[in-house]
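Take a look at the sequence and the 3D structure below. A short briefing follows them.

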Amino acid sequence: MTSTLTPVRKRSALTKGQLPKAAPYIVLALALVVGAAILALVGFNAFGWGLVSAVLFAAGLVGWSAAVEGARKAKDKLATCLVVGAFLVALLPLISVIWTVLVKGLPGLLDPGFLNTSMNGVTGAFDNKSAEEGAPVVGGIYHALLGTVQITLLATVISVPVGLLTSIYLVEYGEGKALARAITFFVDVMTGIPSIVAGLFAAAFFFAVVGPGTKTGAVAAVALSVLMIPVVVRSSEEMLKIVPNELREAAYALGVRKWRTILRVVIPTAISGIASGVTLAIARVIGETAPILVTAGFATSINNNVFGGWMASLPTFIYTQILNPTSPSNPGPSDQRAWGAALVLIILVMLLNLAARLVARIFAPKAGR
Amino acid sequence: MSKRIDVKDLNVYYGKFLAVEDVNINIDAKSVTAFIGPSGCGKSTFLRTLNRMHEVIPGARVEGEVLLDGDNLYGPGVDPVTVRSQIGMVFQRPNPFPTMSIRDNVLAGVKLNNKKISKGEADSLVERSLRGANLWNEVKDRLAKPGSGLSGGQQQRLCIARAIAVEPQVILMDEPCSALDPISTLAIEDLINELKDEYTVVIVTHNMQQAARVSDKTAFFNIAGTGKPGKLIEYGDTHTIFSNPTVKATEDYVSGRFG
Amino acid sequence: MTSTSLTKSQGAGRAGDKVFSGATLAAGCLILAVLFGVALFLVIQSLPAFTAPAEDIQGGEGFLAYIWPIVVGTLIAAVIALVIATPVAIGVALFISHYAPRGLASGLGYVVDLLAAIPSVVYGAWGAAFLAKEIAPAYDWLAKNMGWLPIFQGPASATGKTILTAGIVLAVMVLPIITSLSREIFLQTPKLHEEAALALGATRWEMIRMAVLPFGRPGIVSAVMLGLGRALGETMAVALVLSSGALTASLIQSGNQTIAAEIALNFPEASGLKVSTLIAAGLVLFVITLGVNMIARWIITRHKEFSGAN
């Protein structure tokens, strides 16, 4: 038997001077226990327990490692703790935001009529009644939802042709030209325009051209377009760039003109990416508040004309309901409506993000067998 | 349905760089002509000037004349698009349009130009072109499937079918078999032999055996060194070029001493 | 056949080419015009604010006296946001690129994108309704124990609606931007460098310090600059969270104001000269963010290989 020839060793020479595999778990358990004990002294709360335990865990593991494995390994462990810790810290607000919106938003959303009534005629008296006598919260977001859809739709109708055509210019016609370089640079700059400045621009433009104080859905749509165009240009440009040149050459070699090649070969090949980029751009601007605030004003009733009159939108609805509750003495019902609207808005944005992924998959050129 | 090509004193430039210098060559109608030579000698560049495909690359330009049955491709008022519809091209890597079915790929030249065509005519054009490319029997049951689902060799024959569907006078092939396996290569070579009954075929190849197998005439291009322009060294019957070349460099190349 | 066989053109083709390329060119120029227009119209509409007599401007001491406290407030909020967000973002980016298991990494990237997708007004509402309340006791503690530092001078705001809270909310909002840009760059670190470091017996952290961070430094800098641009211009988080007031050194008292929030809070009801003043404030903000973004882009283009910046 050969096994008798090799002496059974407890640990290989290669694992000498290392912490046992279970070390992190041991330290974690200790940290949790000690953390709970410390917190029990000053008054227990879950957040503090997590924080104290995390610090204890890092200190314990790094200290133990420094004693057994030496400074280099200890430093590595410390870095790992910090990096993982950073990730957990980043998760906290995400979870907290989603949790807050769900908890506070569900009552509003489940309120009958929330989605299909406007705030027309809803006054502080109603809110006082529901806060003081427990009457159901009236009013809803129908007008805001309509406004958001109209404004965003108009912004999309403006941005997509301009953005797509520009990206076509950059990829198909502009190669190496100074103008193309200038456009690329300024599109990058435009991505960084603060949304409120975009709103002010649209407002200033319409004030100058139409008349002071012009606030309509169309002004808001122009403001959103300023934010949306660079996003569309950048994403479409990336997508057009990855269309293989061979396909263009194949079309040219068949005697097809450049513009037909672009419209019938290049764009269909890239359409999945372009469509998903546009969807993401819509998702980005649909939640913009500041530009709409300064361009479309607020409305409490339904306005189906983007070219005339103030118009509500979901984000500005949330904003005004929180900042200027319908009934200043009883902000509860307004809060409930605001959070309900926030939940609807988040669901919309998530759906758009999801749609972008689906679109990318559905329109992708099929590699049939 | 096929035309001859005569090239007179052709220089090709990329910007200021002279890529191909002073080519004179006469290509007969209904024949197969092979361009051979080491990498970078300008044979592909020269081939692309024969249907003005080089213009796709910014900065590329030519001096001299290319006559298609006496009409200068570079004459005033000549539209490169018209040139390309008469002189088709097949590329190194098969490039069927990924968004189109097999049938639509064959009809691409017609459809992309918005030409009106009845369904009956389209059907017969598809069948004729695919038969012409020896592909009909393999794909006739799945014309509606995407072209990208075919094998490499089938895709390349689909590209040839697509090229002949626009009924060109001349077909240019830029190393059409270099991305294919030996069996697919054989199928393409057989096809080239059949194509010359109706078309003028010009093929660039790295493979000297292939040139010897398929071509009637062979042109040998060479380059004196990096940064120097490519030149046409010798042009003649394939048999002569391979067995009894007049220039030393040609002999060295075809006997495998360099390149 | 004569030479007409090549000169005769095919139908509507040629005109189509011209029209189409013209349309794309026009679209490109329109974008330049829009950007130029942004600047031009902001200038035109804000001129009255610069020319009006000082006592007519809000505050009664002219535009400069009006604008500089909110410029400083804007900078304070943005700096707080970056100080918090940068280390965390780099940590998260490293976690996704070098620590997380392969299968998980792309999913985590999606989670970060999700963080970016949440509308700013929701962050603002969260900051006002949840974070401010939860964090107020911590401010109390800071005021008691570290009150000797001017920035933590008490009495702390009981509602927690301070510039520090606004800065934290801003940090959460710029975190995904810095993270996703840094992650792209970390992933582009040449594998050869990483393997060379590991082959020398380096620990994972030493490898990151030797290979990943030096390679990614310019990328991180530009990512932070872009984050700064976003933090400077962000409106809702501040407008909803901060209970604004005069410029104050203490970060845990109510007070301070940012340009964007000032505009959002006052523009809807403004008229006459007030509109011009606010548009002028917007112009100032535009110039500041433009400068920051241009520097960021300049850093990116100077290091072309880092153009992973989407």
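The notes below cover confidence, fold, shape, contacts and domains.

This is a predicted model, where local features need pLDDT of at least 70, side-chain atom pairs count only at pLDDT 80 or more, and totals for chains, interfaces and linings use all residues. Residues are numbered from 1 along each chain as its sequence is written, while chains are lettered from A and ligands numbered from 1 in the order in which they are written.

**Confidence**

- The model scores ipTM 0.88 and pTM 0.84.
- Chain C has a mean pLDDT of 84 (pLDDT is the predictor's confidence in each residue, from 0 to 100).
- In chain C, 93% of the residues reach 70 or more.
- Among the elements of chain C, helix α3 (residues 62-99) has the highest mean pLDDT, 91. Helix α1 (residues 4-7) of chain C has the lowest, 61.
- Over residues 306-310 of chain C, pLDDT stays under 50. The model has 13 contacts beyond four places in sequence for these residues.
- Where pLDDT is low, the predicted coordinates should not be read in detail.

**Fold and shape of chain C**

- Chain C has eleven helices and zero strands. Both are DSSP runs, numbered from the N terminus: helices are H or I with at least four residues, strands are E with at least two.
- The radius of gyration of chain C is 25 Å, whereas a compact globule of 310 residues would have one near 19 Å. This radius is taken over C-alpha atoms, and the globule rule is 2.2 Å times the number of residues to the power 0.38.
- The C-alpha trace of chain C spans about 95 × 65 × 30 Å along its principal axes.
- Of the contacts in chain C with a separation of 6 or more, 78% join residues 24 or more positions apart. Two residues are in contact if their C-beta atoms, placed from the backbone, lie within 7 Å.

**Where chain C meets chain A**

- Contacts link 69 residues of chain C with 69 residues of chain A.
- Helix α2 (residues 13-51) of chain C gives the largest share of the chain C side, 21 residues.
- That side has 49 nonpolar, 17 polar and three charged residues. Ala, Val, Leu, Ile, Met, Phe, Trp, Tyr, Cys and Pro count as nonpolar, Asp, Glu, Lys and Arg as charged, and the others, Gly among them, as polar.

**Domains of chain A**

- Chain A is assigned domain 1 (23-109) and domain 2 (142-363). Such bounds come from an automatic or database domain assignment.
- The centres of domain 1 and domain 2 of chain A, taken over C-alpha atoms, are 40 Å apart.
- Eight residues of domain 1 of chain A are in contact with eight residues of domain 2 of chain A.
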